[in-house]
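Me: Can you take a close look at one part of this model for me? I'd like the details first, then how they sit in the fold around them.

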Amino acid sequence: NKIIAAGGSAGGHLAAATATLEDFDAPGDDAKVSCQPCALVLFNPVLNFTGMKERMFFNDDVENDEMKKKLSPTLYLTKNTPPAILFYGAEDKFLSQGEEYVAKAKELGVRAELYVAPKMSHGFFNRTPWTAVTTRAADEFLESLGYLQGEPTLKMPANAPKLEKR
C-alpha cells in the first residue's frame with residue numbers, strides 16, 4: 001500500500017503515466033492487483049505531448065497526433081490521481097507542462113506541488129547541490145503524506161539554494 005512512482009525526464013513521464021494512463025495492462029494481468037501508485041515524485045517530466053512539434057513516435061501505422069494524446073498524462077488526470085510533487089528548472093522548456101499539470105490537478109482537488117529551481121535548465125537535479133535540495137523536498141513531501149516518518153536525515157550543503165514553490 002505504499003507504491004511511490006518517481007523518475008526524471010522520460011522516467012518522470014513514465015512515473016506519471018503509471019498513475020494516469022489506462023488500457024496499458026498486458027493480456028492476462030491480474031486486474032485485482034493494483035499497480036496504481038500512492039504518490040508521485042516527478043523530476044522535469046514531459047506531461048503533455050500534444051503541443052509538441054517534434055515527431056515523437058515512428059510507427060507508420062499509428063497516427064502521431066493520436067499517440068501524442070494517448071501518452072499525455074495531464075489529459076487523464078482525475079480526482080483519483082495520487083498526490084504529486086514536481087521539480088523543474090526555471091529555464092526548462094517543459095516547465096509550462098508542469099504548471100499545466102498542477103493547475104488541472106488543483107481544479108480536480110488533487111494535491112500537486114510545483115517547485116522551480118531559479119536559473120536552472122532540464123536535468124538540474126542531477127547536479128550538486130540540487131540533488132540534495134530536491135531529495136530533501138521529496139522526503140518532506142512523502143513525510144507529509146505519512147509514507148516516511150521523522151525529520152529528513154540528509155545533510156544539506158552549506159548555503160544550499162532554495163527552490164521556489166509555485
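Which side chain does E113 join in a polar contact of 2.7 Å?

Reply: That would be R111: the side chains of R111 and E113 are linked by a polar contact of 2.7 Å. Keep in mind that this is a predicted model.

As for where E113 sits, it is a residue of strand β4. E113 counts as buried because its relative accessibility is 11%, and the cut-off for buried is under 20%. Leaving aside residues up to four places away in sequence, E113 touches A84, I85, L86, V102, F141 and K165.

I85 is in β3, where it stands opposite V41. Strand β3 covers residues 84-89 and pairs with β2 in the parallel sense, over four bridges. Zooming out, the open sheet has five strands in the order β1-β2-β3-β4-β5, and the pairing is mixed. The edges belong to β1 and β5 (164-165), each with a single partner strand, so one side of each has no neighbour in the sheet.

Now the helices. Helix α4 (residues 130-144) lies across β1, β2, β3 and β4 (112-117), running at about 160° to β3. Helix α1 lies across β1 and β2, at about 155° to β1. In α1 (residues 10-20), the buried residues are G12, H13, A15, A16, A17, A19 and T20. They pack against β1 (4-8) and β2 (39-43).

Methods
Residues numbered from 1 in each chain as written. Predicted model: local features only at pLDDT ≥ 70, side-chain atom pairs only at ≥ 80, totals over all residues. Heavy atoms only, no water. Buried < 20%, exposed > 50% of the residue type's maximum accessible area, 1.4 Å probe, protein only. Helix = DSSP H or I, 4+ residues; strand = E, 2+ residues; numbered from the N terminus. Contact = heavy atoms within 4.5 Å. Pairing = 2+ DSSP bridges. Axes fitted to C-alpha atoms, helices over the stretch in contact; angles between N-to-C directions. Polar contact = N/O pair within 3.5 Å; in protein donor to acceptor, adjacent residues only side chain to side chain.
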